[in-house]
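Here are my notes on the structure below, as numbered points. Please read them with the model open beside you.

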Amino acid sequence: MSDTDTEDPQPSLHLHFSALSDVGRVRKDNQDSGYAGPHLLAVCDGVGGAARGDIASATAISQLRKLDVPPADPADLLPGVAGALDRAHTRIGELVDDDPALNGTSTTATVAWFDGSRIGIGHIGDSRAYLHRDGTISQLTHDHTFVQSLIDEGRITEAEARTHPHRNLILKALDGVHDSEPDLFTIELAPGDRLLLCSDGASGVLDDDRIADILATGTPDFAAVELVRASLEAGSTDNVTCVVAHVVTDPPAELIPLLVGSAAHLPRRTGTLNAVTGLFRGHRSGDTGELPAITAEIPDDLEWAIPSDPIDPEQARYAPQAPRRFVWSARLMTLVVLVGLLWIAAAGAWSWTQSQYFVAEGDGVVVIYRGIDADLPGLTMSTPYEASDVSLTRLSSFQASKVREGIPATSLEDARRTVDNLAALQADDSTADDE
Ligand code: MG
């Protein structure tokens with residue numbers, strides 16, 4: 001039993017909380033984890049399929065739940081949340097370092113730290129936090145998902161996102177490798193507010209109106225059970241985790257922190273938690289079939305992130321960034337390839353110019369040049385190839401001006417014919433300047 005209200009020097013508000021997690025009707029194991037306590041609400045949805053997302057979510061919750069004490073200073077609220085998420089991230093990284101089989105594991109994290117009047121929210125991934133106040137529900141968090149980016153760009157609607165083939169693909173997660181960069185913000189609470197933190201097993205199938213209807217009635221225990229039940233009845237094929245809290249002015253009696261989902265199965269050093277591992281088993285159908293495979297075309301910019309066939313939707317869920325240690329080498333390779341392509345293009349262009357000929361003046365006589373009759377700054381594009389004995393002074397002024405301007409040729413032979421013609425004109429024209 002734990003009533004930590006006496007630990008808070010001047011609490012004005014309290015949380016009446018509950019939490020429930022269910023493996024659902026399709027998956028074989030529960031990779032969600034959740035926590036609810038007097039000062040902390042958290043949901044983590046493990047990602048990684050065979051890479052043991054359950055370990056990532058349970059590890060994250062085991063770190064995050066250390067926040068379930070009042071902040072020593074109000075200014076600590078967001079730094080505290082950020083620090084806890086960073087410790088979770090670091091711990092996951094340590095586990096992966098110790099066991100390469102865990103490589104690829106990651107988890108979402110949505111956490112709310114309560115200081116008696118506000119919650120500091122830290123969020124990464126696609127689990128969600130909702131606030132129900134005065135009959136209106138609002139989603140506090142912004143999904144870090146591929147479909148949310150399409151919604152933000154106005155390319156699809158919220159309704160279309162619910163059935164999009166890549167609706168499960170998240171773009172950020174705690175994975176122990178990449179900077180987690182969580183969203184961090186505070187919300188002022190008011191008496192009567194109702195909070196829900198949930199995994200996408202619930203938010204993916206329940207619209208805001210349905211969530212609001214359930215949150216608005218009954219106790220937190222009732223709401224948590226009803227939200228999970230409604231999610232499964234709505235056809236959720238995922239693990240479902242719901243953490244519910246009502247904001248009250250009088251301290252609720254006899255509430256103990258709740259640990260649910262895969263975190264409830266981790267070894268614990270304290271007996272003060274209620275690890276809820278099987279409250280909702282009666283709603284399982286026993287169906288352990290696979291989820292439908294992703295069959296739609298993969299966007300080019302994310303194609304590399306999707307495992308090859310057969311596609312396990314859970315394994316395809318997280319589109320990790322390329323490992324940082326490869327970023328600079330990848331950039332260098334790109335630069336080398338670009339320079340190489342430019343060199344090849346320049347060499348090809350130069351080679352082409354050296355197969356071209358034209359006729360022009362050189363030192364007073366008609367000369368065949370190799371190259372093109374144009375110069376670039378700092379670069380001569382032609383060289384004298386073959387001089388003739390045809391003097392421009394022996395040509396008519398018109399012919400001489402044409403030579404000075406340059407007479408194009410289709411080949412060396414063509415250039416020689418032009419020179420021969422000019423030579424003939426020179427020979428025939430004893431009154432060259434009478435033109
Ligand atoms: Mg999920």
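1. Two strands pair if DSSP finds at least two bridges between them. Helices (H or I, at least four residues) and strands (E, at least two) are DSSP runs, numbered from the N terminus. By these terms, β14 (residues 357-362) and β17 pair in the antiparallel sense over three bridges. Phe-358 has Pro-408 of β17 as its bridge partner.

2. This is a predicted model, in which local features need pLDDT of at least 70, side-chain atom pairs count only at pLDDT 80 or more, and totals for chains, interfaces and linings use all residues. Residues are numbered from 1 along each chain as its sequence is written, and side-chain values use heavy atoms, with hydrogens and water left out.

3. The pair in point 1 belongs to an open sheet of four strands, ordered β16-β15-β14-β17 with antiparallel pairing. β16 (379-391) and β17 (407-409) stand at the edges with a single partner strand each, so one side of each has no neighbour in the sheet. On average, neighbouring strands here are turned by 35° against each other, direction ignored. Helix α9 (residues 397-405) packs on this sheet and touches β14, β15 (365-376) and β17 (contact means heavy atoms within 4.5 Å). The direction of α9 makes about 115° with that of β14; axes are lines fitted to C-alpha atoms, for helices over the stretch in contact, and angles run from 0 to 180 degrees between N-to-C directions.

4. Which residues are the protein donors of the magnesium ion? They are Asp-45 (OD), Asp-200 (OD) and Asp-238 (OD), at 2.1 to 2.2 Å from the ion. Donors are N, O and S atoms within 2.8 Å of the metal (3.2 Å for Na, K and Ca); water is not among the atoms, so sites may look incomplete. Asp-45 lies in strand β3 (residues 40-47) and Asp-238 in the loop between α7 (220-233) and β11 (240-248), so this pair ties together parts 193 residues apart in sequence.

5. Ser-127 sits in the loop between β6 (118-124) and β7 (128-133). Ser-127 is buried, with a relative accessible area of 0%. Not counting residues up to four places away in sequence, Ser-127 touches several residues, among them Asp-45, Thr-108 and Cys-198.

6. For the whole protein, the count is 10 helices and 17 strands. Of its 435 residues, 49% count as buried.

Methods
Buried means under 20% relative accessible area, exposed over 50%, partly exposed in between (1.4 Å probe, protein chains only).
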